[in-house]
Amino acid sequence: MALHTIRLPSGEWEYDDAKPLGKAGGFGEVFLGSGENGPVAIKRLKISADQAAHRELKIGHSLMQQSFDHVVPVLDAGQDSESDRYFLVMPVCDYSLQDKINEASGAIDEAMAKSAINGIINGLSEVSNVTHRDLKPANVLFHEEEWKIADFGIAKFVEDSTSMETLRSSLTPTYAAPEQWRGERPTAATDIYALGCII
């Protein structure tokens, strides 16, 4: 067991890097953690303070101040005061859309597919001023009986902080829009493209 304590703007959290939740993604990896109110999911970003030039994780902080029906809430976000790593803290969700796709023999259940697609559309509508940039089934999570989008703003933070080559290596090829490969500025159309790929 490798237990780590991190201190973020809203409090102190612990996570065990021997207990990953799902596979590591291009922009970070998620671990089971805990806070004063119980279990949480802690995402450790694949970016150091040197790369980020001590930028604020503004989108994470913005989402903390709002309540959504189809976006996974952010409980805390920022740079750990004891290290040079950046983290997001979220509630533990039941499973991802990718989990259900992996479990299915063939296509997933039609009712589940419709519910997930509606959840994605509603989530994108709720945060219409933010481009997700990394929308994929692994970032669509079932939480409190609803499908919700996770990881809004992570790709933007990495995009602002790293080279284009690093960013390209972090993209999920199956869902990345052509403009992302060309190094152009993503827009809402980027997320709509990814939604089409998911469907």
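Buried means under 20% relative accessible area, exposed over 50%, and partly exposed in between, with a 1.4 Å probe and protein chains only. This is a predicted model, in which local features need pLDDT of at least 70, side-chain atom pairs count only at pLDDT 80 or more, and totals for chains, interfaces and linings use all residues. Residues are numbered from 1 along each chain as its sequence is written, and side-chain values use heavy atoms, with hydrogens and water left out.

**Whole chain**

Helices (H or I, at least four residues) and strands (E, at least two) are DSSP runs, numbered from the N terminus. Of the 199 residues, 46% are buried. Switch to a surface view. The accessible surface is about 10100 Å², and carbon and sulfur atoms hold 48% of that. Areas come from the Shrake-Rupley method with a 1.4 Å probe; for residues, only the protein chains shown count as cover. Now contacts, meaning heavy atoms within 4.5 Å. Among contacts in the chain with a separation of 6 or more, 56% join residues 24 or more positions apart.

**Stop 1: K43 and D151**

Select K43 and D151 and show side chains. They form a salt bridge, 2.4 Å from N to O. The term stands for a side-chain nitrogen of Lys or Arg within 4 Å of a carboxyl oxygen of Asp or Glu. K43 sits in strand β4 (residues 38-48) and D151 in the loop between β9 (146-149) and α5 (154-161), so the pair ties together parts 108 residues apart in sequence. Are the two partners buried or exposed? K43 is buried, at 7% relative accessible area. D151 is buried too, at 10%. The structure holds eight salt bridges. Side chains of opposite charge can pair when their charged atoms come close.

**Stop 2: E110 and K114**

Move to helix α4 (residues 110-126). E110 and K114 lie four residues apart in this helix, separated by about one helical turn. They form a salt bridge, with the closest N and O atoms 3.4 Å apart. E110 and K114 are both exposed.

**Stop 3: E144 and K148**

Select E144 next. E144 lies in the loop between β8 and β9. Its side chain meets that of K148 in a salt bridge, 3.7 Å from N to O. E144 is exposed, at 59% relative accessible area, whereas K148 counts as buried, at 5%. Check the backbone of E144 as well. Its phi is positive, about 55 degrees, although E144 is not a glycine. Most residues other than glycine have a negative phi, and most peptide bonds are trans.

**Stop 4: R133**

Which other residue here has a positive phi without being glycine? Select R133, with phi near 80 degrees. R133 lies in the loop between α4 and β8 (140-143). R133 is buried, with a relative accessible area of 10%.

**Stop 5: a negative patch**

Return to the surface and select D69, D94, E145 and E146. They gather in a patch of negative charge. Patches are made of residues with over 30% relative accessible area and no salt bridge; like charges are joined within 9 Å, and nonpolar side chains (Val, Leu, Ile, Met, Phe, Trp, Tyr) within 5 Å. Lys and Arg count as positive and Asp and Glu as negative; His and the chain ends are not counted. A charge is placed at NZ of Lys, CZ of Arg, CG of Asp or CD of Glu. Pick out D94. D94 is in the loop between β6 (85-90) and β7 (95-96). D94 is exposed, at 51% relative accessible area.

**Stop 6: a nonpolar patch**

Select L21, L32 and V92. Together they make a nonpolar surface patch of about 190 Å². L21 is in the loop between β2 (11-20) and β3 (28-35). L21 is partly exposed, at 33% relative accessible area. Which residues does L21 contact, leaving aside its neighbours within four places in sequence? L21 touches V30, F31, L32 and A41. L21 and L32 are 11 residues apart along the chain, and their C-alpha atoms are separated by 6.2 Å.

**Last stop: P178 and Y193**

Select P178, in helix α7 (residues 178-181). P178 counts as partly exposed, at 36% relative accessibility. P178 and Y193 are 15 residues apart in sequence and 9.2 Å apart in space, C-alpha to C-alpha.
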